[in-house]
Amino acid sequence: MSGNGQHGFGRVPRKEDARFIRGQGNYVDDIKLPGMLYGAVLRSPHAHARLVSVDTAAAEAHPQVRAVITGETLAGLDLAWMPTLSGDVQAVLATDKVRFQGQEVAFVVADSHYAARDALELIDVDYEALPPVIDARTALDDGAPVIRDDLEGRGDNHIFDWEAGDAAATDRVFDGAEVVVAQDVLYPRVHPAPLETCGIVADMDKVTGKLTVHTTTQAPHAHRTVYALVAGLPEHKIRVVSPDIGGGFGNKVGIYPGYVCAIVGSIVTGRPVKWMEDRSENLMTTSFARDYHMRGEIAATRDGRVRGLRVTVLADHGAFNGTAQPTKFPAGFFHVFTGSYDIEAAHCAVTGVYTNKAPGGVAYACSFRITEAAYLVERMMDMLAAELDLDPAELRLRNLLRAEQFPYSTATGWEYDSGDYPRTLRKALDIAGYDKLRAEQADRRERGELMGIGISFFTEAVGAGPRKHMDILGLGMADGAELRVHPTGKAVLRISVQTQGQGHETTFAQIVAHELGIPVDDVEVVHGDTDQTPFGLGTYGSRSTPVSGAATAVVARKVRERARIVAGAMLEAAPGDLEWTPGRWTVRGDPSSGATMQEIAMAAHGSLELPDGVEGHLDATTVYNPPNLTYPFGAYIAVVDVDPGTGKVAVRRFVAVDDCGVRINPMIVEGQVHGGLADGVGMALMQVMAFDEDGNHLGASFMDYLLPTSMECPSWELGETVTPSPHHPLGAKGVGESATVGSPAAIVNAVVDALAPYGVRHADMPLTPANVWRVIQGRPFRT
Ligand code: MCN
Ligand code: CUM
């Protein structure tokens, strides 16, 4: 263990920054292959229209155009439709209808990016406009236009009904409840908006029959298998390379039509084809997030003991059901909505519907819909506090799970692994100076000023599998790791997960260094290339550390045990008589006689005679199938000031106490938390993917869809508690999405608290100045 340490956990500076701060990152758009052509996608201006004809003659006549691909071309190859991650199908290029504005209609391959774009203008498409379904709440109305008439026997826009919990037991609790509070809560459609948009360079080598794709993916192995299934190519003839990725946030989990078109373009032209979306294409057509219309009900005793939660959700999935989540759970992990509280009974019912909007679903640091769940329960807790006239901190302290209740089985079937929630909340209240803040608020209210204090306490479930319960498209959620130790004791770790900025090259090297007692700089992490790494499901749902990090620890321990046997032969001692001190096996009771990892590695590759049955070298492999998810949690407190004249919200302070178990690199963890908190400011105050009634997208640029900057964010005040996960080999829990999950509720709770003198109990995100102003119009101010 070390400060700026070189041998294990601690604030080790990021290895990847050596290239990033020099502008030497290698992103998909940096890749230039000899003879490479460029693709561009023609997109539908309509949200819903019949495709009458597509005339590509003029585009094909363009001197720099090499190919024009339409839905008809793809239909001839049986590639016009592709499977989605939810078992639906999605049009690669439209053949019958267009179903959202921006949907892919044709693909041009040309000598340059500009020529490809120019040629799009030459394609003549005849559409026959149809009435669209934009508001999910009307999708199931009688006579609503049917969006998915391509699906056999489909007479409506219904996708699925799904429920969790015990409905009858929950109804009984509500029937006998002293207090019930109910509220409609919208989690609006938002977008992960990574700074690097999505793209691909597809290269089909006709001689070897091998397809190489460089692409923006969070899950290279899963993508390879999907390509194999769709294209009918054998997997060993497909190589997916995910180079440096400029942010993913869930946006890069799925496979987009542009990828398939670029691959077909390369097959058709025999040359590499690059396709990169622009910002508007990214915002309009790739994985959105949320869009949950929720109705929450909370039942409690008059003295503030929460007894039941009942939730119904209308989930807007857009035109194709393309959400990424384990197969068994069409609403992701939403059923973790009982949050951090000891609740007798709970039930949720989720209905998914099609609308004429882009497909997608769970992206944007969501932990598979836990963002929606955490937001809902934390809003309901505040509404209950207001109803009972109880302080929201006090209400939470009365209901939070206590340390002795773990492992804790929830009413909806989760087994939380570990925690001490009151301790974490108390720590946040201390850092914030909660009582003083409440006193200040009372003073300010007397003066007519709007100050708000908002609390949220969240629990996440991250690190999917185990694979017997969780798969994506039939692929079980487990991850492999391979570790090679060279003769001089330098190591190469090969992993299946893929960093988009989370610093895996550093933290995974730290895990190996920690387990083998060798310098972090002596460990190279290889990832993002299916030809170079073992199979695994990739990075999302903050699963890298819980799953692949565990695989890394396990494989390193295998190496360490092999080293023990080799050391025994070197030291002429029984392996059982050796003991481990970081970096060295020594003979028990004689610390002077020992061998370092480096010496052992050399001996393992040398002429030393090894015991019978012991292979030489120190390499090892493993596959880690997690026994359970890990359950990080945290207590967040926001302090806001609202301008009553303009409705503008300023986040004055934000205290975040996160517990993600053992921290491998506290600096990276804090960076993850900072980013997620900024996401929370964005969603709570600024972001929504809006549409007009014709389905025109109203947020297709960063002028309209706002990203939070340092101007909107306070200086974050972080704290930590450490409750190790009992089943993770390092005691670590995931943290990459925690702050995005936990922070919106704290900010919204703070704004609603600020508006309490107007009698406001709830307001939906985003709390833009206009929306806040509208909420308080015509309401009297009463302290
Ligand atoms: N870590 C640690 N100690 C812990 C937990 C994590 O040191 N106890 C470190 C990890 O080793 C890793 C980082 O923190 O370097 C995040 O780890 P983890 O929680 O395992 O999450 P993942 O690596 O699986 O990252 C995925 C997660 C997701 S799903 C989204 S969405 C998101 C997020 O990460 N996208 C991001 N954070 C992001 N950060 C950046 N910069 N870019 C994105 O696209
Ligand atoms: Cu849901 S966004 Mo992350 O899990 O890749």
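# Notebook: sheet, helices, ligand shells and backbone

I began at strand E13, where Ile238 and Val240 form a covered face and Arg239 and Val241 an uncovered one. The model I am reading is a predicted one.

**Entry on the sheet.** I looked up which sheet holds E13. It is an open sheet of seven strands, ordered E3-E7-E1-E14-E11-E12-E13, with mixed pairing. I noted strand E3 (65-70) and strand E13 (238-241) as its edges, each pairing on one side only. On average, neighbouring strands are turned by 20° against each other, direction ignored. I recorded that E12 and E13 run parallel and share four bridges; in that pairing, Val213 has Val240 of E13 as its bridge partner. Val240 also belongs to the covered face of E13. I then checked strand E1 (residues 37-43), which pairs in the parallel sense with strand E14 (residues 273-276) over two bridges. Tyr38 has Lys274 of E14 as its bridge partner.

**Entry on helix H7.** Which strands does helix H7 lie across? I found that H7 (residues 257-269) lies across E1, E3, strand E7 (104-110), strand E11 (199-205), strand E12 (210-215) and E14, and that H7 runs at about 30° to E11.

**Entry on helices H13 and H14.** I turned to helix H13 (residues 504-516) and helix H14 (residues 544-571), whose axes come within 9 Å and cross at roughly 35°. The crossing is right-handed. On the H13 side I listed His504, Phe508, Ile511, Val512, Glu515 and Leu516; on the H14 side, Ser544, Gly549, Thr552, Ala553, Ala556, Arg557, Val559 and Arg560. By class, this contact has seven nonpolar, four polar and three charged residues.

**Entry on the ligands.** I counted 36 residues around ligand 1, the closest being Gly501, Thr507, Ser544, Thr545 and Gly736. H13, H14 and helix H16 (666-685) each give two or more residues to this shell, and H16 gives the most, with four. The shell divides into 11 nonpolar, 21 polar and four charged residues. Around ligand 2 I found 13 residues, of which Gly250, Val362, Cys366, Tyr540 and Gly541 come nearest. That shell has eight nonpolar, four polar and one charged residue.

**Entry on the backbone.** I looked for exceptions here because most residues other than glycine have a negative phi, and most peptide bonds are trans. A cis peptide bond joins Ala464 and Gly465, with omega about 0°. The bond from Gly465 to Pro466 is also cis, with omega near 15°. I placed Gly465 in the loop between strand E21 (450-459) and strand E22 (471-472), and Pro466 in the loop between E21 and E22 as well.

Arg369 has a positive phi, near 75°, and sits in the loop between strand E18 (360-361) and helix H9 (370-388). Arg369 is buried, with 29 other C-beta atoms within 10 Å. Leu473 has a positive phi near 50° and lies in the loop between E22 and strand E23 (475-476). With 15 other C-beta atoms within 10 Å, Leu473 is partly exposed.

Methods: Residues numbered from 1 in each chain as written. Chains lettered and ligands numbered in written order. Predicted model: local features only at pLDDT ≥ 70, side-chain atom pairs only at ≥ 80, totals over all residues. Axes fitted to C-alpha atoms, helices over the stretch in contact; angles between N-to-C directions. Left-handed = near helix turned anticlockwise from the far one by under 90°. Contact = placed C-beta atoms within 7 Å. Nonpolar A, V, L, I, M, F, W, Y, C, P; charged D, E, K, R; others polar. Pairing = 2+ DSSP bridges. Near = placed C-beta within 6 Å. Buried ≥ 20, exposed ≤ 12 C-beta atoms within 10 Å, placed from the backbone.
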